[in-house]
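Please examine the sequence and the structure shown below before reading the report.

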Amino acid sequence: MSNIELGNIEETLFVPLRGRIYATKNCNYILNDRKTLEIASRIPEKFLSFEGENEYTLVSSAIRSMNMDKCIQDFINRYPDGSIINVGCGLETLFHRNDNNKTLFYELDLENVIDLRRQVIGNNERDICLAYSMFDYNWINRVLKTSKGPFLVVSSGVFYYFKEEEVIDFLKHLKGLGEVEVVFDAVSKFGIKQSNMYLKKLGKDDAIMYFYVDNVEDFVKKIGSDVEIIETRDYFKNITDKSQFNLVTKSKMIISDKFHMVKHIHLKIQ
């Protein structure tokens, strides 16, 4: 497959893919994603190169997936008949890591990304692809035709590329699903500057990040009074054993959590 045509922002979907490959091969106690290794064989090598990456960036991508998996598994245990909606799915393989043979999963992304996903990952009747912009809220009507919920909406590394008012508008529209929880990651204002430096290093100068959250309570107030904070967790909290990593990676993890630079946010919207 050599004719992949994506914009610079869309091409960032290969960043977490590389992280999942790295973790599965080098530290699979964090993430063991055999499906990712399978689909990697169908993707041109230029998109899988670790050039410009380091241990910290690679492991961080895998930890994001690990954090999401924990929330998905908890939700499925509470609501086995519920549904998972993966916003900005890219080539994420969370369905294959969390499938319980019952829960419906929805994969939401732009049409060209969904086309690539179908070519690389294939189709499954319980892993439903939705070719919409996340801001084209017709996708909500499409979901409600096949599922009554409750719903868990997850979004990994996606909100960053939009302005705060756009993210708030999106979260408000989720009320159209009825009973819904949403999980996403967010960085601090300082963190967004570091992230943009990283993207520039990868040659993604026009993939600028905007969205950040310094204070979760203040941010939630902007969404509405009917939003409950279920959990706010520092990004690396679940990595209790950091001994395998090099000194730079360990130091960055510790500093990130100490100053709340990256957050894992879980909300309930009624």
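## Basis of the report

The structure described here is a predicted model.

Helix α6 spans residues 111-120, and its buried residues are V113, I114, L116, R117 and V120. These residues lie on the same side of α6, because they cover an arc of only 160 degrees around the axis.

The exposed residues E111 and Q119 are found on the face of α6 turned away from the buried side. Just after the helix, G122 adopts a positive phi of about 95 degrees.

## Cysteines without a disulfide

The structure contains zero disulfides. A disulfide requires two cysteine sulfur atoms within 2.5 Å. For C89, the closest cysteine sulfur belongs to C129 and is 6.2 Å away, so the two are too far apart for a bond. Seen from C129, the closest cysteine sulfur is in turn that of C89.

Are these cysteines buried or exposed? C89 counts as buried, because its relative accessibility is 4%. C129, with a relative accessibility of 12%, likewise counts as buried.

## Packing of helices α8 and α10

Helix α8 (residues 164-173) packs with helix α10 (residues 216-223) at an angle of about 60 degrees, and their axes are 9 Å apart. This angle means that α8 is oblique to α10. The contact involves E164, V167, I168, L171 and K172 from α8, together with F219, K222 and I223 from α10.

The crossing of α8 past α10 is right-handed.

Methods:
Residues are numbered from 1 along each chain as its sequence is written. This is a predicted model: local features need pLDDT of at least 70, side-chain atom pairs count only at pLDDT 80 or more; totals for chains, interfaces and linings use all residues. Side-chain values use heavy atoms; hydrogens and water are left out. Buried means under 20% relative accessible area, exposed over 50%, partly exposed in between (1.4 Å probe, protein chains only). Helices (H or I, at least four residues) and strands (E, at least two) are DSSP runs, numbered from the N terminus. The arc is that of the directions from the helix axis to the C-beta atoms. Axes are lines fitted to C-alpha atoms, for helices over the stretch in contact, and angles run from 0 to 180 degrees between N-to-C directions. Angles under 35 degrees count as roughly parallel, over 145 as roughly antiparallel, 65 to 115 as roughly perpendicular and the rest as oblique. A crossing is left-handed if the near helix is turned anticlockwise from the far one by less than a right angle, and right-handed if clockwise. Contact means heavy atoms within 4.5 Å.
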